[in-house]
Amino acid sequence: MKFSLSWLKEHLDSDASAEAIADRLTNIGLEVEDVGDPAEALAPFRVARVLTAAKHPQADKLQVLTVDAGEGAVQVVCGAPNARAGMLGVFGPPGAYVPGIDMTLKVAAIRGVESHGMMCSVRELQLGDEHEGIIELAADAPVGISFAEFAKLNDPVFDVAITPDRADCMGVRGIARDLAAAGLGILKPLNVPKIEGTFAPPVEIRIEDPEGCPAFYGRAIRGLTNGASPEWIQRRLKSAGQRPISAIVDITNYVMLDLGRPSHAYDVGKLDGALIARRARDGEKILALNDQEYSLDPSMTVIADEARVHDIGGIMGGEESGVSEGTTDVMLEVAFFDPQQIARTGQKLALTSDARSRFERGVDPAFLEGGLAILTQLIIDICGGEPSEALLVGAPPVESRTIAFDPDRTLALGGIDVPEERQRSILLSLGFEFEGTGTVQAPSWRRDVEGPADLVEEVARIEGYDTVPSTPLERAAGVAKPTATRSQMVERRVRRAAAARGLDEAVTWSFISEAQAAPFGPAWQVENPISEELKVMRPSLLPGLIAAAGRNIDRGAASVRLFEVGRRYLAAGERPTVALVLAGEKSPRGWQTGKAQMFDAFDAKAEALALLDAAAAPVGNLQVFPDAGPTWHPGRSAQLGLGPKNIIASFGELHPALAKALDAPARLIAAEVYLDSIPAPRSTGRARTAFAPPALQPVSRDFAFFVPASLAAETLARAIRGADKAAITAVRLFDRFEGAEDLSLAFEVTIQPGEKSFTEEELGAISKRIVVVAEKLGARLRG
C-alpha cells in the first residue's frame, strides 16, 4: 500500500514528520517497508528556458538548443520534436542521474556537436509514460528553480505492508484512523454527500447469485465529459504507483485507494439491457482490461448484461464496456462480493488486481451507499453530468458483533497495565462503540475482531508493544530440568556430528514438483501451491539436496558434501529424517595420490554409520541388506537395519533413471537415515555406571577364511562374534583377497579374559567354535 504524506494529511490533522509517522506505523503493526522522496532523486534537475533552437548540421532529426537554467546559457543536443525557442522545460546538467534511462549525464559529442546536458521527457524522469517529446512547463515557471520544488514533488511516499487481516487499512483513511488512535493527530470527519437523482436509471440491476454478490448498488450519470483527471488526483495516483488513464477511471481508482472501496464504471452506450450479478456459464469468455482473455466457469461470479459478460465480479472489468474518451453516460457499480468466492476465482484464473486484494480481505459491507455517494460527487465535480436516482439492490451482510470487554484482560494477556479509561479511549478512536460498561460493538470494517483477545491486541498495539515490561519467567528452585525432547536432542547431536565430519548443512524447500516426487511413491499435493514446481510435499529429502549439489557443481565447486535434517511427508504422516549427498571429488589429485579420488557407496555408508552412532542407534547390531530399493542403484546400494522389517538407513548410488530425471551430478552418492525408526535406548537411570577397565590384557587371534562370493563380510563377522558372546569383544575385517577362483577374508578377533587368563586349551576351544560357525555359512579355514 503506497501513499504520499500530503494524501495522508487529507484525512489526518497532524504536523508530524514523515519519519515520526513511519516509526509510529511500524510500532502499531503496520510495517513501513520504505519511505521514498521523489524530490531527492530529481534534485539536480532545473526549470530551464530554450533560448534558441537550430537544426543539427549532421542529423535531420536532431536540434542544437541553447538552454538557460539560471546559470548562463549552455548548448544541448535534443531530438524531441516539440523542442523550440521560447519554451520552458526540465534540464538535467552533467552529473545528473536520469532514472528512466539508467544513465548519468556527462558532456559528450553527439554527431560531432558537444552537448552539455539533456532536456528531459516525462518517461525519462519516471513521472509517467509520455515520451513523444520533452516536458513543457507553464510560461510563468521560474527559470533556475528546482523542478522537484516547482512540481511539488517534495512529498514523501510511504510503502506499508498490510497484513491479510487488516482490510480496513487497504485505504489511506484506515491508516489515518490508526495513527489518530495512536496519538499522532486527529482523524478528520468524512464528508458523505447527499446526492439527489434527477431521473430514473436507464439500466436495471438484478442479482441472480446472492451468495457471490449479496448487494449491488448503482447509479447512472449522463452528459459527462471524460477527459484527463485533475493534477491533484494524478499526483496521488502516481505516488501509489498507479498510471493515470482518464478522469472516470482515475476517480474509481482514487476512491479505492483512498477509502478502500473498489468500484467500476460501465459505458452505458456499450451495454445491452440490465446489469446482472450471476454465475458464469460454461464456455463464456471475457477480454479483461489487461488485454487478456479468460475462460470462465459456473463457480465464478460475474457481472453481465443480456448479451455478454462485462466484469469478473470484484476482480477486473471487461474491455468491451470500458469507458473511453468519447464516453458521455456511465453506470456505476458499487457492490459487495463474497471474499472466499473472490479468492477462489482469482486463484483459478491466476489473476490479481487491486480490487481483488481488497475484496478477498473483506471490504466494509456498511459502506456501499456512502461509497457510491462519494464516487458520484467526485465524478460530477470533475466531469460534470447529471446523476440518476440510486439503485440499491440486495442487502450487504452487515453483522452485529458484540464482544465482552474486561479491562483486566489487557494485563493478563498483553502484559501491559493500561488504565481502563485509556483502553476505552483507544477503542473508541478505532471505531468501536460501548454498549453499557461490559460490552463493545465492533465496527463493520473490522472483520478480524471476533473476541475479547482481539480487543486486548488492539489496546496493546496502539499503546505500544515496546511498553511491555521485560519480565523473567518464573523458574523452580534447584537445577533446571532439560526442556528438549528426545527427538530434538537426537537431531541436535546428528547436526553436530555431520558438521564435525565436514558436511555443510542445507535447508531446502519442503515442496517439490510432481515429477521429482513421482519416483518415491504417493505424495501429498498442495491445494494452493506457490507454483507448479512447488506443488507436492516431499516424500524424500534427496531431490532438494541433489538440486543444491547440482547448483554448486555447476558454479565450479570441486567437492560438495551436504546434509539436511528435516521431514519426509508420507501417507502415514511426517517422518524425521537426515539425508546427505556427496558429489565431486573426495580428495583432489596430488603427487602422493595421483588422480583425484571420487566418492563411492562406502563413503556414504561411513557417514550413515557415524550419524547413526551420534543418534545413539545400536550400530554394533546393524545388519546390511543389499539393494536399497527402486530409487537406488541395484548393485551399488544397500540398507542398514535391525532386521528386514526395521530399516533405519539407506545408502549408495542413485538409480541411473532417477539420477537422470533429477539431473544429478555424475557419480553422486547419497544416504538417508530414518530417525523415527531408531529404537529408544533403554533407560538405566540418570547416573552412568562407573567405567571399570578389564584387569587382564585381551588376546588377539587372526582367522582367514575362503568364503563364497555371495557371503557378506558383515554376516560372517556377526557369526564369529556370536561364537562366544562372553569372551569375544570385537571382530574386525583387516584383509580381503580375491584370487582367480577363491575369495579370502581375514578377521582379527579380540578375546577378553575375565577373572583369570585363558589357557591354551580354552583359547583352542574358542577357536574351534569360531571355525564351526564359519563353516555353517559356507566358509572354510585357510590352511
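## A spread-out chain, its sheets and one buried arginine

The protein chain carries 20 helices and 43 strands, where helices (H or I, at least four residues) and strands (E, at least two) are DSSP runs numbered from the N terminus. Its radius of gyration, taken over C-alpha atoms, is 39 Å, well over the 28 Å that the globule rule (2.2 Å times the number of residues to the power 0.38) gives for 783 residues, so the chain is more spread out than a compact globule. This is a predicted model: local features need pLDDT of at least 70, side-chain atom pairs count only at pLDDT 80 or more, and totals for chains, interfaces and linings use all residues. Residues are numbered from 1 along each chain as its sequence is written, and side-chain values use heavy atoms, with hydrogens and water left out.

Along the principal axes, the C-alpha atoms fill a box of roughly 120 × 85 × 60 Å. Buried residues (under 20% relative accessible area, 1.4 Å probe, protein chains only) make up 47% of the 783.

Now for the sheets. Five strands line up as S6-S5-S4-S7-S12 in an open, antiparallel sheet. S6 (73-78) and S12 (118-119) sit at the edges with a single partner strand each, so one side of each has no neighbour in the sheet. Strands count as paired if DSSP finds at least two bridges between them.

S37 and S38 make a hairpin with five residues between them, and glycine 643 in the turn has a positive phi of about 150 degrees. Across that pair, glycine 641 stands opposite isoleucine 647; towards S39, alanine 649 faces valine 673.

Here are the antiparallel pairings:

| Strand pair | Bridges |
|---|---|
| S7 (residues 88-92) and S12 | two bridges |
| S37 (residues 632-641) and S38 | six bridges |
| S38 and S39 (residues 669-674) | five bridges |

What about charge in the interior? Arginine 177, in helix H5 (residues 172-181), is buried yet has no salt bridge. That term asks for a side-chain nitrogen of Lys or Arg within 4 Å of a carboxyl oxygen of Asp or Glu. The nearest side chain of opposite charge (Lys and Arg count as positive, Asp and Glu as negative; His and the chain ends are not counted) is aspartate 168, 4.5 Å away. Leaving aside neighbours within four places in sequence, arginine 177 is in contact (heavy atoms within 4.5 Å) with Leu187, Ser429, Leu430 and Trp445.

Note on methods: Buried < 20%, exposed > 50% of the residue type's maximum accessible area, 1.4 Å probe, protein only.
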